[in-house]
Amino acid sequence: MLVSGPTTMKVLVIDDQEAVRTALQVLLDVHGIESVSASEGSEALRLVRTEDIGVVVQDMNFSKDTTSGEEGIALFREIHALDPGLPVILITAWTSLETAVALVKEGAADYVGKPWDDQKLVVTIQNLIRLRALEDENTRFRSDDARARAEIARRFNLCGLVYRSRKMHELVSLAVHVAPSDAPVLITGPNGSGKEKLAEIVQTNSRRSDKPFVRVNAGGLPDQLLEAELFGAEAGAYTGATKLRIGRFEAAHGGTLFLDEIGNLTPTGQMKLLRVLQTGEFQRLGSNATRTADVRLVSATNANLRAEIAAGRFREDLYFRLNVIELEVPPLSRRPEDVRPLAEHFLARHAAGRTLVLSEDALGALDHHDWSGNVRELDNRLQRAALVCDGGSIRTQDLGLDESALAAEPAEPSPLRTSAPSSSGTLSDVEREAIEVALGRAQGVVSRAANELGLSRQALYRRMERLGIELERRVR
């Protein structure tokens, strides 16, 4: 479809015989499907350019007494070059099965022989129109998302954050929205997911951006050192304290204090931190002088603090002091759209001036990996690949991913991740489940689901039609 705006998709019927065109258009009209027709290639291409075409039903021969199908092959390739996503159904009494299979591999949606089955043809066309409409809608959503990402990057300093997923966009939008306030922020999420980067974004877009940003691994400090680290110590306050030590609260005065691994604080550490948060006052070790520090507190943890509270391991009063605004960073496995742009970013960073690219096999391996180590693991894999690769192309083995996980991936010609039916279902049931799961993970984006399953988009369309899988249009 090369036109824009809210229109009703039409079926383009291409056949040199007027009787065939009329029969197909009447059939479509009976079922409430709008159509236009063309008797030859140039007119068909004009209609593809100017009309909102959802499906093409195309004859393979346009000259009298011609049965080779060469005309149809040439026209199909022109249509496919003009609009690669436009479903084309090939229909003829003459073209060989080999030609049809070859064109399906090139991207044709289906192949139907004359005389056709009216009901089956109509159902096929209806399904393809729905899928085409869904793809167009998803394309619009992706364009809207891209514009939204560009706009937020223009207005705010995202500190080099790379993402493409809607989940991360919503999170970043919330982060920059609350950044100008002084409200405490709690950032949660698994290790390696990017919590410190989000804290940096909050600080950089706050009114304290030109003031100190002090980082502390709070959970890594033993009780005997925590107080001196956070609040400071006078010379002689403890054995080995030969000079004045400025605490992190004082060092962060006017700026932001980032307390990482807050969930690992001991009960004693929690009590000491709560006291200063409640009163805004503290004392250096070895001093009776009460001091104050103007800091914006941002903390982070990979722990489930509500569960820790229920288990009696974390203070509820401290939790509510820390958690005025919570920013939850999703694991990388829940935002697969971010894997490829992050991988390309990390590869460029580790390339050391070389031009390196990810091979298709490597990209597929990245897509299928579970990324239990999140963004940190992805960075590690790309650093390794840049060091060990031979030449300019990163191969799957360069990534050093779990060989057992890679071995579990399907090999051609069995693209679906299923082998035999379970005791509770048929092979079709298993295939249907695999497709539905993939579509769910891909949020209805057919091309992404097809990539996950190792299928072409057209092959996935045909399986969905055969198995009766329909997608509901997304409502914004």
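Residues are numbered from 1 along each chain as its sequence is written, and side-chain values rest on heavy atoms, with hydrogens and water left out. Because the model is predicted, local features require pLDDT of at least 70 and side-chain atom pairs count only at pLDDT 80 or more, whereas totals for chains, interfaces and linings use all residues.

Helices (H or I, at least four residues) and strands (E, at least two) are DSSP runs numbered from the N terminus, and two strands are taken to pair if DSSP finds at least two bridges between them. An open sheet is formed by five strands in the order β2-β1-β3-β4-β5, with parallel pairing. Its edges are β2 (35–38) and β5 (110–113), each of which pairs on one side only. From one strand to the next, the twist averages 20 degrees; axes are lines fitted to C-alpha atoms, for helices over the stretch in contact, and angles run from 0 to 180 degrees between N-to-C directions. Strand β4 (residues 88–92) runs parallel to β5 and is joined to β5 by four bridges, with T92 opposite G113 of β5.

Helix α2 (residues 41–50) lies across β1, β2 and β3 and runs at about 150 degrees to β2.

A residue is classed as buried under 20% relative accessible area, exposed over 50% and partly exposed in between (1.4 Å probe, protein chains only). A nonpolar core is a set of buried Ala, Val, Leu, Ile, Met, Phe, Trp, Tyr and Cys residues joined through side-chain atoms within 4.5 Å. The largest nonpolar core comprises 35 residues, of which V11, I89, W116, I125, I435 and L460 touch the most other members. Two or more residues are given to this core by each of β1, α1, β3, β4, α5 (118–155), α18 (427–441), α19 (446–453) and α20 (457–467); the most come from α5, with seven residues. Beyond its neighbours within four places in sequence, W116 contacts V20, L24, L27, I91 and L121. A second, separate core contains 27 residues, among them L226, A252, L297 and L318.

Strand β6 (residues 185–188) is covered on both faces: V185 and I187 are buried on one side, and L186 and T188 on the other. Four bridges link β6 in parallel to strand β13 (residues 296–301), in which V298 is the bridge partner of V185.

E261, in the loop between β10 (256–260) and α10 (267–279), has phi near 55 degrees and counts as buried at 16% relative accessibility. N374, located in helix α15 (residues 374–388), has phi of about 60 degrees and is buried, with a relative accessible area of 2%.

With a disulfide defined as a pair of cysteine sulfur atoms within 2.5 Å, the count comes to zero. C159 is buried at a relative accessible area of 15%, and C389 is buried at 10% relative accessibility.

How values were computed: Contact = heavy atoms within 4.5 Å.
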